[in-house]
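Colleague: Could you walk me through this model, starting at the ligand and then moving along the chain?

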Amino acid sequence: MAQHTALVINGPNLNQLGVREPEIYGRTTLADIEALCHSTAKPHGMTIEFMQSNAEDKIVEAIQNAVHQQIDAIIINAAAFTHTSVAIRDAMQMFKGIKIEIHLSNTFSRETFRHHSYLSDIVTGVICGFGADSYRLAVEAAASKLQSSA
Ligand code: DQA
């Protein structure tokens, strides 16, 4: 089985999951989500690297590092930066592997400013609205895409 690595990137305020607007984002913490990503990836022989930052520059740097390292897929919940950041979009354009945009909430059923994403048109696919399960589905999708392209 090919050994693939996926980088899971989490943007601002996602470190507050569990206490942050639980009626929208649920009660699952980011640590729970990280564990879910690892356990989902394991049977596929896939390794997960997991990071969170509230700072746009740290996220841009993580993507730049992924371009130069052995990262096969990026799963990104850019949180509020989804709707604002040309810098994160430009960095994601440089990454040539599988790119999956995810959201816990269904951003299309919320305020109109959340309907536009700077990432959706440049990624492989988008998963949103399944709560913490969006992450599990994204890891499964990345594993499936990487296996079919291996
Ligand atoms: C989010 C949706 C964004 O609109 C919001 O700014 C977030 C979280 C989600 O996972 O549902 O911080 O990306």
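Modeller: Happy to; what follows is a set of questions and answers on this predicted model.

Colleague: Nice. What is the distance between an oxygen atom of the ligand and an N or O atom in the side chain of His83?

Modeller: For Arg114, an N or O atom of the side chain is 2.9 Å from a ligand oxygen. For His103, the corresponding separation is 2.8 Å. For His83, the side-chain N or O atom and the ligand oxygen are separated by 2.7 Å.

Colleague: Let's turn to Ala79, one of the residues around the ligand. Is Ala79 buried or exposed?

Modeller: Ala79 sits in the loop between strand S3 (73-77) and helix H4 (86-94). Its phi is positive, about 50°, although Ala79 is not a glycine. The relative accessible area of Ala79 is 12%, and the cut-off for burial is under 20%. Ala79 is therefore buried.

Colleague: How far apart in space are Ala79 and Asn13, C-alpha to C-alpha?

Modeller: Along the sequence, Ala79 and Asn13 are 66 residues apart. In space, their C-alpha atoms are separated by 7.6 Å.

Colleague: Which residue other than glycine has a positive phi near 30°?

Modeller: Look in the loop between strand S1 (4-10) and helix H1 (22-25). The residue there has 36% relative accessibility, so Glu21 counts as partly exposed. The phi value near 30° belongs to Glu21.

Colleague: Back to the ligand shell, which includes Ser105. With which residue's side chain does the side chain of Ser105 make a polar contact?

Modeller: Ser105 is in the loop between S4 and strand S5 (125-128). With a relative accessibility of 8%, Ser105 counts as buried. Its side chain makes a polar contact at 2.9 Å, and the partner is the side chain of Arg110.

Colleague: Where does the side chain of Ser134 reach at 3.2 Å?

Modeller: Ser134 belongs to helix H5 (residues 133-149). Its relative accessible area is 0%, so Ser134 is buried. At 3.2 Å, the side chain of Ser134 reaches the backbone nitrogen of Phe130.

Colleague: One last one: what separation do the C-alpha atoms of Ile98 and Ser144 have?

Modeller: Ile98 is part of strand S4 (residues 98-103). It counts as buried because its relative accessibility is 14%. Ile98 and Ser144 are 46 residues apart along the chain, and their C-alpha atoms are separated by 11 Å.

Conventions: Residues are numbered from 1 along each chain as its sequence is written. This is a predicted model: local features need pLDDT of at least 70, side-chain atom pairs count only at pLDDT 80 or more; totals for chains, interfaces and linings use all residues. Side-chain values use heavy atoms; hydrogens and water are left out. A residue is near a molecule or strand if one of its heavy atoms lies within 4 Å of it. A polar contact is a pair of N or O atoms within 3.5 Å; within protein, one must be able to donate a hydrogen and the other to accept it, and residues adjacent in sequence count only if both atoms are side-chain atoms. Helices (H or I, at least four residues) and strands (E, at least two) are DSSP runs, numbered from the N terminus. Buried means under 20% relative accessible area, exposed over 50%, partly exposed in between (1.4 Å probe, protein chains only).
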